[in-house]
2 protein chains.
Amino acid sequence: MMVAANATAQKLLTLEDVMWSGNNYYNLMPENKYTAWWGNQAVETTADEVRDLKTGKTIVTVEQVNKCFPEKIAFSGHNFSFPLSKEPVVMLTKGQRRAMLNFHTGQVLLDVTLPQNAVARDFNVESKQTAYTIGGNLYILTPKGESLTVSLDGSTDGSDNIVYGQSVHRDEFGISKGTFWSPDGHKLAFYRMDQSMVPNYPQVDITKRIAQTYADHYPMAGETSHQVTVGIYDVDSQKTTWVKTVGEKDDYHTNISWAPDGKTLYIFELNRDQNDCRLVAYDAETGDNLGTLYQETHEKYVEPQNGLTFLPWNSQKAVMQSQRDGWNHLYLLDVKTKELTQLTKGQWVVQQLAGFNLKKKSVIFLGNASDPRRRSVYAVDMKGNITLLGEADGVHSVKLCDDGSQLLDSYTSPTTPRSINLVNTVNGKAVNLLTATDKWAEQGYQIPEITSGSITAADGKTPLYYRMVKPVDFDPAKKYPTVIYVYGGPHAHNVDASWRWGMRGWEAYMATKGYLLFILDNRGSEWRGRDFEQATFRHLGDEEMKDQMKGVEYLKTLPYVDADRMGVHGWSFGGFMTTNLMCSYPDAFKVGVAGGPVIDWKYYEVMYGERYMDTPQQNPEGYESSSLLPKAKNLKGKLQIIFGYNDPTCVPQHTLSFLRAAIDAETQLDLFTYPGDGHNMYGRDAIHLHERITQYFEDYLK
Amino acid sequence: MMVAANATAQKLLTLEDVMWSGNNYYNLMPENKYTAWWGNQAVETTADEVRDLKTGKTIVTVEQVNKCFPEKIAFSGHNFSFPLSKEPVVMLTKGQRRAMLNFHTGQVLLDVTLPQNAVARDFNVESKQTAYTIGGNLYILTPKGESLTVSLDGSTDGSDNIVYGQSVHRDEFGISKGTFWSPDGHKLAFYRMDQSMVPNYPQVDITKRIAQTYADHYPMAGETSHQVTVGIYDVDSQKTTWVKTVGEKDDYHTNISWAPDGKTLYIFELNRDQNDCRLVAYDAETGDNLGTLYQETHEKYVEPQNGLTFLPWNSQKAVMQSQRDGWNHLYLLDVKTKELTQLTKGQWVVQQLAGFNLKKKSVIFLGNASDPRRRSVYAVDMKGNITLLGEADGVHSVKLCDDGSQLLDSYTSPTTPRSINLVNTVNGKAVNLLTATDKWAEQGYQIPEITSGSITAADGKTPLYYRMVKPVDFDPAKKYPTVIYVYGGPHAHNVDASWRWGMRGWEAYMATKGYLLFILDNRGSEWRGRDFEQATFRHLGDEEMKDQMKGVEYLKTLPYVDADRMGVHGWSFGGFMTTNLMCSYPDAFKVGVAGGPVIDWKYYEVMYGERYMDTPQQNPEGYESSSLLPKAKNLKGKLQIIFGYNDPTCVPQHTLSFLRAAIDAETQLDLFTYPGDGHNMYGRDAIHLHERITQYFEDYLK
């Protein structure tokens, strides 16, 4: 598929146009609508009001709301939400303020303000209580504005070493928070992490009068890890019960979910070796182990990423996700009988559980059954019959209404900048609410030709998808410098069926400068099933590079690709890939820019690192052969490594060790670092960074 | 003056040829002789023996010595010295072993071995005792091999915080060690430094399994400084007396010297503001203050750099050095009457006190009376009559014989790779022992034309000296890319009358690559007197840059200098100058490489920094205007900053802060760092570094 370049366009895209943080980016963004549900009524929020999405009729205005709060709070429509489906109640969230208002009666149902430094805020609409953390401690703010201390038995032993109520296990295993309200909001399950035994990586803050280190507990692969326990705080009795887990102290406690009646807590427990996962039920009153409901093992690894979601019409059955058959699919688990029924099947993956159609008793989910690059909307009934909802093409995001009979579907596709539709989940029919136009084209910018296709992986059989961005004013008789952009690691992909095949703004910018860009999702990346990902197990980098070299092979067959001017760029895992490609195939690439790279997996953290590599003790050969330190001697082309000086993810030890190795091997490379920045650069720093990256190719690849 | 290029030469110099650490450097070094004195007899040491320098007659062989030490020590002739002028005794120093042997009788007079980790070793030949330190503690090894603990009252409270017997005040004020034996070796004066109140700069060791910080107490300008006291340990009574200084706790205690009778200790004491220096005498038994013998103040600063050296023929009078009249000169101080007599005078400086001619009662010194670029040898009698000794041209180093009637004079001059002469200090006549030849020329290397001359400083009157290195195969009709190499700070110079005008090997290497090199010693540098140096007081960088721009002005008058291709390179203060020039005169320089730069003097240490800048509290305008952080926005040319990742001198905060400032100002620069290296790179790292520096000019200036 192709997006035709505007033949008469003359304006050239700048970084200010194409980067999120660029000054002109928002002017060039496709039009959007801010939509939400009030029960089963679709609404649109603006700065001034909330209105019915179909009729345009005003539901509640900001002026009306602000009148009910004497002090000048100045809520905007974008602060509004409608948590109660059947009541005319608006939830107002602004800064640390949480309020609820009946906008028919004008009655203020809640008005509390969290402490200024409260973070990890978690509101429960039933009990109107808000869990929050300050430092290492966990608190609850009651609807009356009282603060309860949850940390260990009401003491405040939370600290940098002992952390309550925050996300644990470095956000792996689908974990993104540390508090979990019971459905009725009277009990709060929470994580307690003891990381006192984990050494601090010496991160340095150079903005102090005299530079200073600050604490950053970082468990490295094979080293001592932190220890997590799960508590259940009863708000009424103000007592904490500790869940009586039986595994090792450094096991992973993931995907916590509550039974609908709030009496049972479910935890997916994974051993440190990550090859044995058990779903265990606990009594929420006593913390007692009620038994293992499900167990999954695999010789490589098992990765639980989703908790249980109970059927709204049957509290004995919950939807569970697993890639046990090689593809991530939906299962129905009977928590009493432990019976497991597979709901979806096939050589494609469920990407997200979206909700339920209560009337039809079907499960709504996102999946890529029609094309691995897509994320389409489907319903599956309890018999496994699958229905496509709305347009198959594109990458969709959905919000379901209260009874699940309709959904708001926002998607982009290779040719569609944005389309918002109201989709009937019974018959799949859609009403279009917005179709955005291409502002680049409208404003007369030169737009490169963007295509997607597939080649065969180095295993000789698996199709791999690529995106190609051709230079503007493309002339097939010319030869162009070519840059491969790469990520290549698990849990991510670069090529999908979204607007312009997922092209990043920088690629368009490079195309205006006369480069051809090529982006290939190698084996190891996401949306392609378990074995596709696990091909890289215990030797990260090898298969990924073989696949990328298939891409290079393909590029060399194209008469307009200049094989003598090939470059490569990537960040994080892509920085590892870039550095690795520059060192492993030194004759293939003239120039590389690697960002925040992993250099040696022994410097990476336990959770992610050991999943794919096991420990250095278990897999010394794999760590040795995947390390880039011995490869520094092979460097031949121009390589620049860039990293955030305060990167807490790929700590600076990676890049610095590689510098030392290159110096010792008497090879040269270039370097830059962003003091104060972490694993990625944001805001103006991102513009600065891409100016650098571009300049490096301009200096050495052109 | 000019060194003619060899017109028929074809070989091109490489970094391996011209760098100290290069594989071919020693093969191309001018021939040398290892000379020493045995009393009044000049000797030459080789690996195998020591022989009379004039007659070539063997004095003692290594074989002969090694026989007297049954275990295989394998001393080499280069381990030999002759501390006793009238006795056939050889002192043997190898590793931690200290031995003395009467080589006529074969009697071993001393044979001790210091502990493996002993450092700061200080041997006294009279008492045959060796002071040494381990960790923060100070010990003495007696001739019998017993170890005495000197640290506070025999305890070992020495640590990273409390340091005994080591150099203090960051080696400023002429301080290079922390122990000072009384002439008879029965008393040991020593420094004790308490730096517990000085914060550690967070230096990171990336070679640990998980990167770790290590202690590096670094007092920054205007911040709390360390506190130094002076103890006197009596070896016989094993008791320490503390010198009863009366100043502030953070005063400087410098240039410790003993009276010939060992009863009095002299200390040049300087206030932290460095504008009031007092020479105070202390009773070595009681530590009591015996009075101030001399005081020197100056509105800018006073910098004591040399202790007292007593006349061998009059223990009441000592030679002292001061630049109180604007030029560093020799004075005679009567320690009883406090009478001060100026010995040398004139608009030139004494560079070093070398010793005494006992018969003539004259003082031998090195000075630049005939040309500021020279270091020639002179004698001055007690009436101030000055005699030149040996050749005036060149830069000389001398060793005097016991009675000072002769000296071994080794010098190089712009046209002389090395000349070693035996000089009669009475009549100045010299006997040549060695005249080395130019191995570059002999081996057929292409050698650039090297000249020196002067231009007028930005003050409109002061001559400044430069060195110019022309590209090989120089054609005056062509235009050459030109690189200014700069240091520019106090206590250093780049241009002198040594071999090839002091040209650094890298300059010759650059000349073979077609660059013209220009090196100018601006105001602020050494050997030119007090006011020349102090022109920069409280606003480092400004006058220095004005002078360098005079150099640029001069270069632009030369038809063969390409004014559109000017580069600049410097390290340390020269890195400060390079970055400053790139930011302050962005149109003058296309390319710069700055090494280990100072970026903001508030990040530099107290002793050096406050001398030239006062404190940030006293001189906020000066710190603000000399800071390069606000200037980062002016960057236009290509600038690469390189620093040792573990630089304890210009700590990484300098460069990292500048990166942040440039990023915030949306300007670009390049970076490299050498993990594990300090303020300078040595060995193979130095080669790697200069390959980098060269490549940067090749990439962007050519």
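**Sheet in chain B**

I began with S9(B) and strand S10 (residues 129-134) of chain B, which four bridges join in an antiparallel run. Strands here are DSSP runs of E with at least two residues, helices are runs of H or I with at least four, and both are numbered from the N terminus. I looked up one facing pair: Asn124(B) stands opposite Gln129(B) in S10(B).

This is a predicted model, where local features need pLDDT of at least 70, side-chain atom pairs count only at pLDDT 80 or more, and totals for chains, interfaces and linings use all residues. Residues are numbered from 1 along each chain as its sequence is written, while chains are lettered from A and ligands numbered from 1 in the order in which they are written.

Next I followed the open sheet, whose four strands have the order S9-S10-S11-S12 (chain B) with antiparallel pairing. Pairing requires at least two DSSP bridges between two strands. Which strands stand at the edges? They are S9 (119-124) and S12 (147-149) of chain B; each has a single partner strand, so one side of each lacks a neighbour in the sheet.

I then superposed the copies. A rotation of 180° with 0.0 Å of shift along its axis brings chain A onto chain B, at RMSD 0.1 Å. That is the relation of a two-fold axis. In chain A, Leu671(A) has the C-alpha nearest the axis, at 2.7 Å.

Contact means C-beta atoms, placed from the backbone, within 7 Å.

**Helix H10(A)**

I checked its span. H10(A) has 12 residues and reaches 16 Å from first to last C-alpha, close to the 16 Å expected. The expected span is 1.5 Å times one less than the number of residues.

Is H10(A) enclosed or open? 11 of its 12 residues are buried, so H10(A) is largely enclosed by the rest of the structure. Buried means 20 or more other C-beta atoms within 10 Å of the residue's own, exposed means 12 or fewer, and partly exposed lies in between, with C-beta atoms placed from the backbone. The buried residues pack against H7 (573-584), S42 (638-644) and S43 of chain A, together with S43 (670-674) and H11 (684-700) of chain B. After H10(A) comes Glu666(A), with a positive phi near 60°.

**Phe173**

I looked up another positive phi. Phe173(A), not a glycine, has about 60°. Phe173(A) sits in the loop between S13 (162-164) and S14 (179-181) of chain A. Phe173(A) is buried, with 22 other C-beta atoms within 10 Å. In chain B, phi of Phe173(B) is near 55°.

Notes:
Least-squares fit on C-alpha atoms with pLDDT ≥ 70 in both. Contact = placed C-beta atoms within 7 Å.
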